[in-house]
Amino acid sequence: MSAHVETLRWEGGLPGHCALIEQTRLPLEEVWLRVDTVPAMHDAIKRLAVRGAPAIGVAAGYGVVLGVQNLSTQTADEVLRAALESADYLATSRPTAVNLFWALDRMKARARREHAAQRTGADLVRALHAEALLIHEEDRAMCQAMGQHGAPLIEDGMGILTHCNAGALATGGMGTALAPIYTAMAQGKRVKVYADETRPLLQGARLTVYELMKAGADVTLITDNMAASLMRTGAVDLVFVGSDRIAVNGDVCNKIGTYSVALAAREHGVPFYAVAPTSTFDPHCKRGEDIHIEEREAAEICEGFGKRTAPHGTKVWNPAFDWTPARMVSGIVCEHGLIRKPNQRRVEAVLARAGRLAAP
Ligand code: MRU
């Protein structure tokens, strides 16, 4: 298996803290950030120091532990109240990646369960710590499984285009869209990866290229507007992207620009796959239109990385995500296997298997 970078970890037992690689500084500086408080975790998620749907979920789980571990009175009532308040606050950090809400709901449910079982406050804190570590561990395992299920789609010598960063830096493990690539490489397949730069925050250039180069992959950087022309040359055999939320009908929400990649792939007959764990599936969201798409500051476009590139006062539209209709998706790889030509029936079957089907 190719080595991959580490994104975040819990350090120091209880009480402890979360350490995460500061992704806004990559690739030029490898700096680890120590996160000790709920507001600091909220801030880290909001400004993308930690980003990528599964990694946000793992970080949020640790965030709830930060909110309960140092209370002056540690009664069970007090710990439950602090856990629920911390979770509700962390839920306001970013709106689109459903893994955030999935992880926070899990932490809240665990706190309520332990409280209802008459556990002490100290027991509740320990249980929440264990739950956060479990979310992280499960994410690692889901990444491995997606790697195993996705790698057979890759043949020796293929060219694969990816958008944004859906690698180790976006998860608690080896990644989603990049996991099949790492697995195929470990199986001895030669893979040529094309990374979209991913305007405006350059997750492709800064993060995907960084982690693939570290893993010894053959990676070529292109700007987003080159993807269609690259496909026309015949260099791209497959598209692999991650996802921030998958609707019950199979519509796939991911980083802005993914929809354009899917349109170009359809025109050129290139199969388009999303790779995402079931924590990214939203049983309450019927279709892509229902997804809350985060809109971010104009400065990310007009003054990206400190350099002014448009006149002062320019009107800007800056959605961070888009969604691709299920009919344009060749398949979704999740930890349970490959969902070919996703539709409501097939997505619901996987949700049922994961125990996540919404009550009617
Ligand atoms: O704004 P970001 O960097 O958090 O967006 C990340 C993405 O869009 C990823 O493709 C997605 O979260 C899948 S990550 C495994």
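User: What am I looking at, and how are residues numbered?
Analyst: Residues are numbered from 1 along each chain as its sequence is written, and side-chain values use heavy atoms, with hydrogens and water left out. The model is predicted, so to speak of local features takes pLDDT of at least 70, side-chain atom pairs count only at pLDDT 80 or more, and totals for chains, interfaces and linings use all residues.

User: How many helices and strands in the protein chain?
Analyst: The protein chain has 11 helices and 13 strands. Both are DSSP runs, numbered from the N terminus: helices are H or I with at least four residues, strands are E with at least two.

User: Does the radius of gyration agree with a compact globule, or disagree, and why?
Analyst: It agrees, because a compact globule of 360 residues would have a radius of gyration near 21 Å and the protein chain has 20 Å. The radius is taken over C-alpha atoms, and the globule rule is 2.2 Å times the number of residues to the power 0.38.

User: What does the C-alpha trace span along its principal axes?
Analyst: About 65 × 50 × 40 Å.

User: How do β4 and β5 pair, parallel or antiparallel?
Analyst: Parallel, over 5 bridges, with β4 at residues 158-162 and β5 at residues 191-196. G159 has K192 in β5 as its bridge partner.

User: How many bridges between β1 and β2?
Analyst: 4, with β2 at residues 17-21. W10 stands opposite C18 in β2.

User: Switching to helices. At what angle do α1 and α2 pack?
Analyst: About 165°, with axes 8 Å apart; α1 is residues 38-46 and α2 is residues 53-68. The two are therefore roughly antiparallel. Angles under 35 degrees count as roughly parallel, over 145 as roughly antiparallel, 65 to 115 as roughly perpendicular and the rest as oblique.

User: Which residues meet there?
Analyst: V38, M41 and I45 in α1 meet I56, A59, A60, Y62, G63, L66 and G67 in α2. By class, the contact of α1 with α2 has 8 nonpolar, 2 polar and no charged residues. Ala, Val, Leu, Ile, Met, Phe, Trp, Tyr, Cys and Pro count as nonpolar, Asp, Glu, Lys and Arg as charged, and the others, Gly among them, as polar.

User: How do α2 and α4 cross?
Analyst: At roughly 30°, with the axes coming within 7 Å; α4 is residues 98-116. They are therefore roughly parallel. The contact of α2 with α4 has 10 nonpolar, 3 polar and no charged residues.

User: Which residues of α4 take part?
Analyst: N99, L100, A103, L104 and M107. Among their partners in α2 are A53, P54 and I56.

User: Where are the cis peptide bonds?
Analyst: One runs from L26 to P27, with omega near 5°. P27 lies in the loop between β2 and β3. Another joins R199 and P200, with omega about 0°. P200 sits in the loop between β5 and α7.

User: What is phi of Q118?
Analyst: Near 65°, a positive value in a residue other than glycine. Q118 is in the loop between α4 and α5 (121-150).

Notes. Axes are lines fitted to C-alpha atoms, for helices over the stretch in contact, and angles run from 0 to 180 degrees between N-to-C directions. Contact means heavy atoms within 4.5 Å. Two strands pair if DSSP finds at least two bridges between them.
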